[in-house]
Amino acid sequence: MRRRMLLIGLWAATTAVAVLVGVFAVSTVGATIRDRGPVGDEVMRDNSVAPASVPAPEGPAVGDEIAGEWGAFDVECRDTWAYGVGVRPDKEAGWRIVSWEKGPDDDVDAVFSDGRNSVDLEVFCNQGRPTLAELERNTLGGDD
């Protein structure tokens, strides 16, 4: 009986440790996966530079415009933090803004639509410069 109680206690302790490790791993890695932050070869791999833990709005800003037939999305980078500065839809061609993110964040998004199509832009800061991470085009259901 004593041996059985010892085995049950060890099993319970091992299970609790495994659950805690899993929760920690998911919460640590999950935020990066959900935000779809910078991944791939274009990310700076210099390990001697420590990442910023909080946005530094007083740091040097590097801005750029991501533009296309939909209009333009102005993005500014301060170190690794992205800021959506402004959006300018091409109204003459029928485009409008659905949503856009001001940041600061590891990436900022803007969604443009002309009623039949939508364009979703995701921009992050690569070595302090705005870089288009993803451009997703969708065809919307029409009222034909």
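This report covers the fold, the disulfide and the salt bridges of one protein.

**Overall layout**

The model is predicted. Its secondary structure comes to one helix and seven strands. From the N terminus on, the order of elements is α-β-β-β-β-β-β-β. The protein has 144 residues, and 25% of them are buried. Its accessible surface comes to about 9900 Å². Carbon and sulfur atoms account for 57% of that surface. Take the contacts between residues at least 6 apart in sequence: 37% of these join residues at least 24 apart.

**Strands and pairing**

Strands of a sheet pair through backbone hydrogen bonds, in parallel or antiparallel fashion. Here, four strands form an open sheet in the order S4-S5-S6-S7, with antiparallel pairing. Strand S4 (96-100) and strand S7 (129-139) stand at its edges. Each has a single partner strand, so one side of each is left without a neighbour in the sheet. From one strand to the next, the twist averages 20 degrees.

Within this sheet, S6 and S7 run antiparallel and are joined by 10 bridges. Asn117 stands opposite Thr139 in S7.

Strand S1 (residues 62-68) pairs with S2. Seven bridges join the two, and they run antiparallel. A hairpin of two residues leads from S1 to S2. Ala67 stands opposite Ala72 in S2.

**The disulfide**

A disulfide is a covalent bond between the sulfur atoms of two cysteines. The structure holds one. Cys77 is joined to Cys125, with an S to S distance of 2.0 Å. The link of Cys77 and Cys125 is left-handed, with -95 degrees about the S-S bond. Why does the pair tie together separate parts of the sequence? Cys77 lies in strand S2 (residues 71-78) and Cys125 in strand S6 (residues 117-126), so the linked parts are 48 residues apart in sequence.

Are the two cysteines buried or exposed? Cys77 has a relative accessible area of 0%, so Cys77 counts as buried. Cys125 is buried too, at 8%.

**Salt bridges**

Side chains of opposite charge can pair when their charged atoms come close. The structure holds four salt bridges. Three of them are among the entries here:

| Pair | Closest N to O distance |
|---|---|
| Asp74 and Arg88 | 2.3 Å |
| Arg78 and Glu76 | 2.7 Å |

Arg137 lies in strand S7, and Glu69 lies in the loop between S1 and S2. The pair therefore ties together parts that are 68 residues apart in sequence. Glu69 counts as partly exposed, at 40% relative accessibility.

Next come Asp74 and Arg88, also joined by a salt bridge. Asp74 lies in strand S2 and Arg88 in strand S3 (residues 81-89), so this pair ties together parts 14 residues apart in sequence. Arg88 counts as partly exposed, at 39% relative accessibility. Which residues are linked in a network of salt bridges? They are Glu65, Asp74 and Arg88.

The last pair in the table is Arg78 with Glu76. Arg78 has a relative accessible area of 17% and is buried. Glu76 counts as partly exposed, at 21% relative accessibility. The two residues are classed apart because buried means under 20%.

Definitions and conventions: Residues numbered from 1 in each chain as written. Predicted model: local features only at pLDDT ≥ 70, side-chain atom pairs only at ≥ 80, totals over all residues. Heavy atoms only, no water. Disulfide = S-S within 2.5 Å. Buried < 20%, exposed > 50% of the residue type's maximum accessible area, 1.4 Å probe, protein only. Contact = heavy atoms within 4.5 Å. Areas by Shrake-Rupley, 256 points an atom, 1.4 Å probe, with all protein chains shown as cover. Pairing = 2+ DSSP bridges. Axes fitted to C-alpha atoms, helices over the stretch in contact; angles between N-to-C directions. Salt bridge = Lys/Arg side-chain N within 4 Å of Asp/Glu carboxyl O.
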